[in-house]
Amino acid sequence: MLSVSRAASRLSGVVARFSTGGHGDGAGRGGGSGGSIRDAGGAFGKMEAAREDEYFYKKQKAQLQELREHIQQEVDHHKNQLENHQKVLERHQKRISEIEAEERALGKE
């Protein structure tokens, strides 16, 4: 058997859920109207809330995919820049070595 305190704790959770309302049960807690279908509540309101949740889930998923692709493009761009800068750095270092060799050759004369 359940003790009184355990039963009360279970009921308090149920009461809290029913008192706040669920998706599609009418106007939201924000004070604004959820629209005529959502205000009516019932199955249509819940179905509309489910569609809304699905829409925003898909929208967020698409935005995250776009963000991932954009960041990958930036990574690829910076890798290419790094390779180009390394080539330029090597070319400059080679040119410095050539100039130092020319200076040494001039110093021997």
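View 1. The chain has three helices and zero strands. Helices (H or I, at least four residues) and strands (E, at least two) are DSSP runs, numbered from the N terminus. This is a predicted model, in which local features need pLDDT of at least 70, side-chain atom pairs count only at pLDDT 80 or more, and totals for chains, interfaces and linings use all residues. Residues are numbered from 1 along each chain as its sequence is written, and side-chain values use heavy atoms, with hydrogens and water left out.

**View 2. The surface of the chain comes to about 9,800 Å² of accessible area.** Carbon and sulfur atoms hold 56% of that surface. Areas come from the Shrake-Rupley method with a 1.4 Å probe; for residues, only the protein chains shown count as cover. Of the 109 residues, 6% count as buried. Buried means under 20% relative accessible area, exposed over 50%, and partly exposed in between (1.4 Å probe, protein chains only).

**View 3. E54 and K58 form a salt bridge.** A salt bridge is a side-chain nitrogen of Lys or Arg within 4 Å of a carboxyl oxygen of Asp or Glu. The closest N and O atoms of E54 and K58 are 3.1 Å apart. Both residues lie in helix α3 (residues 42-108). Four residues separate them, about one turn of the helix. E54 is partly exposed, at 41% relative accessible area.

**View 4. R95 and E98 form a salt bridge.** The structure holds two salt bridges. Here the closest N and O atoms are 3.5 Å apart. R95 and E98 both lie in helix α3, three residues apart, about one turn of the helix. R95 is partly exposed at 42% relative accessibility. E98 is partly exposed at 35%.
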